Amino acid sequence: MTQQFYVSPEQLMKDRADFARKGIARGRSVVVISCRDGIALVAENASPSLHKIGEIYDKIAFAAVGKYNEFESLRQAGVRYADVRGYSYDREDVTARGLASVYAQSLGAVFTAEQKPFEVELAVAEVGQAQEADHLYRLTFDGSIADEHGFIVMGGQADKVSEAVAAGWQGELDFAGAIRLALAGLVADKETTTLPVSALEVAVLDRASESGRGTRRAFRRLEDPDIVALLAEEK
Amino acid sequence: MQETTANRVAANATSSFTEHLQRERPDLMPFGQVPFNQLPAGGHASQPGAPLQAPHGTTIVAMTYAGGVLMAGDRRATMGNVIASRHIEKVFPADQYSVLGIAGTAGIALDITRLFQVELEHYEKIEGTLLSLDGKANRLGAMVRGNLPMAMQGLAVVPLFAGFDRPAGFGRLFSYDVTGGRYEEQEHHAVGSGSMFARGALKKLWRPGLSEQDAVAVAVEALYDAADDDSATGGPDPVRQLWPVVYIVNRTGAFRIPDRDLAAVAGRVIESRTVAQREA
């Protein structure tokens, strides 16, 4: 039998956290912004089919950075959790808080018990009737959960991007303004001043989906022409 | 097959909400909870052999028209000779491009409808794309078959499914039998206790290429005829302002016809029958 070296719990956790952080920082950033019209989710993503942003339930969306297979399995688990809950109780009883705490428990369990921690960071967003009722939760690889106000920036060089978004954020933004702000943030760590539309993945949680589109499902993915049209609008 | 992690992951990867529910929460399924051989013989404890008394939904009609398909249902549920509900709704949007109507045991039918709606939305969210219309029709057939043991006990559910086939560019209709058999219908179809009379009316009233307004009028009149001869089907009720539930599905989606329009259409049917002064 081989002798196991002693590693202190502090060192073990630090190693795992460093490992996860490195994986997350390798990718590109995702920005989630709460604004007057609802919540805008913007990701830098070259693939049109491997999404970083997804619909979970009527008013709830999901955004992630890190390893695709890991956050995709979490997204699917979230959809299953929400659908089972909504089917067994009622659609109203599915909340972002409940989902976020399930995610926090899963991430926490993986972080301590599995061979390696998940190299992901998640955002769970819920749009409310009014902007004060919006919820943004940030979940990190170790299962920490944070209730954020206004916006979330994750992945890549999150500090730089976050600085740029914080400078321009205000509650009165409409979707076009919020997406412009997110773009300004996403290019903050680059040489260029603009990103091609094909390199973007944009979705919104529409605050007025019932009155505007006649559906309780607030999530709407914007296709490239929609994004171009929205950004071309008068400022 | 070797029990490896990869195999386990693959086996658990399902886009079907029903499969997931069967695996994780079988207690929530609307059917299949009691093994077939353990079901009690038909009837109530106090009166063995008598059929179990539960509300039944009745007549649903569906037809194609120039821009898509239409489905309409009356508002009555009956329990034996008693009217269990005057307000029940039996036609529902299944997703953005399809609707379903249900006849049979109302309690089970409403749960199957809810399960079917979640099934379609779940697939859309997991896969990121809509299920094909044939795929949806097959899933509904599987659910009806799942209910077969209950149907043998007299608690049958018979749906009618209609949707717009986006790749093909036209509306399609599907009917089912209690064993889950799926049949594509042409032109028009009806299910439920008043379906015989409704179908007779549809044969005379329906014609190819109906406009949307004409199709709504034909559906309301077919239900009127069904209510005329079938006691379990409710006609338009001007006293309580109750009108049939009518949905249309076209290229842009499924929409419910507002009560205001239905009141006008039903008013015209009643008026024309009054003017004609005929017995039947």
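Colleague: How do strand β1 and strand β2 of chain A pair, and over how many bridges?
Modeller: They run antiparallel, with six bridges between them. Strand β1 covers residues 30-35 and strand β2 covers residues 38-44 of chain A. Bear in mind that this is a predicted model.

Colleague: And what's the bridge partner of A:Val30 in β2(A)?
Modeller: That's A:Ala43.

Colleague: OK, which order do the strands of the open sheet in chain A follow?
Modeller: There are five, in the order β8-β1-β2-β9-β10, and the pairing is antiparallel. The twist from one strand to the next averages 15°.

Colleague: Why do β8 and β10 of chain A each have one side without a neighbour in the sheet?
Modeller: Because β8 (151-154) and β10 (219-222) stand at the edges, and each has a single partner strand.

Colleague: Which strands of chain A does helix α5 lie across?
Modeller: Helix α5, residues 175-186 of chain A, lies across β1, β2, β8 and β9 (200-206). Its direction is at about 150° to β1(A).

Colleague: Switching to the two chains: how many residues of chain B are in contact with chain A?
Modeller: 11 residues of chain B, and they touch nine residues of chain A.

Colleague: Which elements of chain B give two or more residues to that side?
Modeller: Those are α2 (17-24) and α3 (106-127) of chain B. The largest share comes from α3(B), with five residues.

Colleague: And how does that side of chain B split by class?
Modeller: Five residues are nonpolar, three are polar and three are charged on the side of chain B that touches chain A.

How values were computed:
Residues are numbered from 1 along each chain as its sequence is written. Chains are lettered from A and ligands numbered from 1 in the order in which they are written. This is a predicted model: local features need pLDDT of at least 70, side-chain atom pairs count only at pLDDT 80 or more; totals for chains, interfaces and linings use all residues. Two strands pair if DSSP finds at least two bridges between them. Helices (H or I, at least four residues) and strands (E, at least two) are DSSP runs, numbered from the N terminus. Axes are lines fitted to C-alpha atoms, for helices over the stretch in contact, and angles run from 0 to 180 degrees between N-to-C directions. Two residues are in contact if their C-beta atoms, placed from the backbone, lie within 7 Å. Ala, Val, Leu, Ile, Met, Phe, Trp, Tyr, Cys and Pro count as nonpolar, Asp, Glu, Lys and Arg as charged, and the others, Gly among them, as polar.
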